[in-house]
Amino acid sequence: MGATVFFGCTFVAFGPAFSLFLLTVAGDPLRVIILVAGAFFWLVSLLLASLIWFISVQLSNREDSRLQYGLLVFGAAVSVLLQEAFRFAYFKLLKKADEGLATLSEDGQSPISLKQMAYVSGLSFGIISGVFSVINILADSIGPGIVGIHGDSPYYFITSAFLTMAVVFLHTFWGVIFFDACERRQYWSLALVVASHLVTSGLTFLNPWYQASLIPIYIITVSMGVWAFFTAGGSLHNVLACLSCKQEEDNRVMVYSALQVPVED
């Protein structure tokens, strides 16, 4: 039973992310480098947030449970702000790298677009964030023990898996929107990304009341996904064409009079 829960929750949490990695990242060495570097930036932000939270706990009264809970909320908010700050720093780094790649290129164009870098960096933030948020839960799911035997919710593992999947998607969508907002200097878009990240993090404190946390988080995920889709250049016409599985007709007309017949000997 433990192995079934472990593999099931692992595939739910990281199955879509692993598929995206194989289909869109693994075949391009440059995208793999961007993915690994993005994960490193996220880890540095987590390290700084952990240090701030640890120092604040050491300087506070550990016997005050309300204060400790408040420090936990404070640490989560600081972590979100640091993640977005390092996302901005990574945007600046990739922007400089993009200019350098364009300079070295023969045709003067970068081999990877800014939107592609935004997608890969967002996916890297999502994957590493999901790994750190659910790895201990997956380790406990192997056993021994049964969740819910003392009256707790039996949906702890599967809910955590679906929450991790949503966070991976959210970071991917946030990356696309954030990079585009930085490029266009749309500060209201940046503010919405940071605000939605803070709200998503705050909703997790409603657990184990999973209906109040998971449903709003997935509403935010779908909303951000639609926004990221149109930001990346998608359109309703493309969606309808994909769903109908019809190929667009070629409107080009070949002028046969322009063709030259080979001269016979």
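Helix α2 gives the nonpolar patch its largest share, six residues. This is a predicted model, in which local features need pLDDT of at least 70, side-chain atom pairs count only at pLDDT 80 or more, and totals for chains, interfaces and linings use all residues. Residues are numbered from 1 along each chain as its sequence is written, and side-chain values use heavy atoms, with hydrogens and water left out.

The patch covers about 970 Å² of surface, and its members include Leu47, Leu48, Trp53 and Tyr69. Patch residues have over 30% relative accessible area and no salt bridge, and nonpolar side chains are joined within 5 Å. A salt bridge pairs a side-chain nitrogen of Lys or Arg with a carboxyl oxygen of Asp or Glu within 4 Å. Both α2 and α3 supply at least two residues of the patch.

Look at Leu48, which sits in helix α2. Leu48 counts as partly exposed because its relative accessibility is 34% (buried is under 20%, exposed over 50%, partly exposed in between, with a 1.4 Å probe and protein chains only). Across the protein, 37% of the 265 residues are buried.

Now for the helices. The protein has eight helices and zero strands (DSSP runs of at least four residues for helices, H or I, and at least two for strands, E).

| Helix | Residues |
|---|---|
| α2 | 29-58 |
| α3 | 65-104 |
| α4 | 114-141 |
| α5 | 156-184 |

The axes of α4 and α5 come within 7 Å and cross at roughly 160°. That makes α4 roughly antiparallel to α5 (angles over 145 degrees).

How values were computed:
Patches are made of residues with over 30% relative accessible area and no salt bridge: like charges are joined within 9 Å, nonpolar side chains (Val, Leu, Ile, Met, Phe, Trp, Tyr) within 5 Å. Accessible areas come from the Shrake-Rupley method with a 1.4 Å probe; for residues, only the protein chains shown count as cover. Axes are lines fitted to C-alpha atoms, for helices over the stretch in contact, and angles run from 0 to 180 degrees between N-to-C directions. Angles under 35 degrees count as roughly parallel, over 145 as roughly antiparallel, 65 to 115 as roughly perpendicular and the rest as oblique.
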